[in-house]
Amino acid sequence: MSLLTAVYDRLKTISNTTVSPELRRLGDPTPAVNYTVEWSWSLAMDGSRTEYREATVRAQCFADTLLVAEARAESVAAKLDGKWTQGNYSAVCRALSCAQGMAQPDDGQGDAERYVIVTAELQIRETT
């Protein structure tokens with residue numbers, strides 16, 4: 001299992017929400033969560049890799065109203081916060097932040113969508 005798959009498996013259990021990596025497809029229903037994962041290896045003082053990775057997960061939580069977008073953001077934050085294990089990865093959340101905004105229509109309706117971006121800074125360790 002890859003780290004990207006572990007994050008997807010963690011987020012896909014958010015009820016009544018379409019979850020997908022990278023870009024949201026035109027016409028996808030809302031509410032929806034799109035996410036990206038960036039990671040790097042941690043290094044010891046001698047320059048060698050440690051068993052840990054630093055990862056940043058950015059999840060955009062789209063909805064037709066700000067209240068629904070915020071509710072999805074709370075669900076994403078709850079999934080990524082604290083210490084957790086998914087597949088063969090263990091993680092601890094070191095920082096969590098949220099920001100809100102308004103997007104152009106992307107769901108085929110004539111209204112602008114609301115979104116909240118959740119950013120989680122994680123320390124990851126592969127357990128197998």
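The mean positions of the 13 positive and 17 negative charges of the protein lie 6 Å apart. In this count Lys and Arg are positive and Asp and Glu negative, while His and the chain ends are not counted. The place of a charge is taken as NZ of Lys, CZ of Arg, CG of Asp or CD of Glu.

The model is predicted: local features need pLDDT of at least 70, side-chain atom pairs count only at pLDDT 80 or more, and totals for chains, interfaces and linings use all residues. Residues are numbered from 1 along each chain as its sequence is written, and side-chain values use heavy atoms, with hydrogens and water left out.

## Overall build

The protein has two helices and six strands. Helices (H or I, at least four residues) and strands (E, at least two) are DSSP runs, numbered from the N terminus. Along the sequence, these elements follow the pattern α-β-β-β-α-β-β-β. The C-alpha trace spans about 55 × 25 × 25 Å along its principal axes.

The accessible surface of the protein is about 7100 Å², and carbon and sulfur atoms account for 50% of that surface. Accessible areas come from the Shrake-Rupley method with a 1.4 Å probe; for residues, only the protein chains shown count as cover. Of the 128 residues in the protein, 40% are buried. Buried means under 20% relative accessible area, exposed over 50%, and partly exposed in between (1.4 Å probe, protein chains only).

A contact means heavy atoms within 4.5 Å. Among contacts with a separation of 6 or more, 62% are between residues 24 or more positions apart.

## Salt bridges

Side chains of opposite charge can pair when their charged atoms come close. A salt bridge is a side-chain nitrogen of Lys or Arg within 4 Å of a carboxyl oxygen of Asp or Glu. The structure holds four salt bridges, including those in the table.

| Acidic residue | Basic residue | N to O distance |
| Asp9 | Lys12 | 3.5 Å |
| Glu38 | Arg58 | 3.3 Å |
| Glu51 | Arg125 | 3.7 Å |

In the salt bridge between Asp9 and Lys12, Asp9 is buried, at 17% relative accessibility, whereas Lys12 is partly exposed, at 43%.

The salt bridge of Glu38 and Arg58 has an N to O distance of 3.3 Å. Glu38 lies in strand 2 and Arg58 in strand 3 (residues 49-63), so this pair ties together parts that are 20 residues apart in sequence. Glu38 is partly exposed, with 47% relative accessibility, and Arg58 is partly exposed, with a relative accessible area of 34%.

Glu51 and Arg125 form a salt bridge at 3.7 Å. This pair links distant parts of the chain, with Glu51 in strand 3 and Arg125 in strand 6 (residues 113-126), 74 residues apart. Glu51 is partly exposed at 48% relative accessible area, and Arg125 is partly exposed at 29%.

## Cysteines

A disulfide is a pair of cysteine sulfur atoms within 2.5 Å. The structure holds zero disulfides. Cys61 is in no disulfide, and the nearest cysteine sulfur, in Cys98, is 7.7 Å away. Cys61 is buried, with a relative accessible area of 0%. For Cys93, the closest cysteine sulfur is also that of Cys98, at 10 Å, which is too far for a bond. Cys93 is buried as well, at 13% relative accessibility.

## The surroundings of Val118

Val118 is in strand 6 and is buried, with 0% relative accessibility. Leaving out residues up to four places away in sequence, Val118 touches Val57, Arg58, Ala59, Cys61, Ala73, Val76, Ala77, Leu96, Ser97 and Cys98. Val118 and Lys79 are 39 residues apart in sequence, and their C-alpha atoms are 11 Å apart in space.

## Backbone details in two loops

Most residues other than glycine have a negative phi, and most peptide bonds are trans. Asn16 is not a glycine, yet its phi is positive, about 55°. Asn16 lies in the loop between helix 1 (3-11) and strand 1 and is exposed, with a relative accessible area of 66%.

A cis peptide bond joins Thr30 and Pro31, with omega about 0°. Pro31 sits in the loop between strand 1 (18-21) and strand 2 (32-43).
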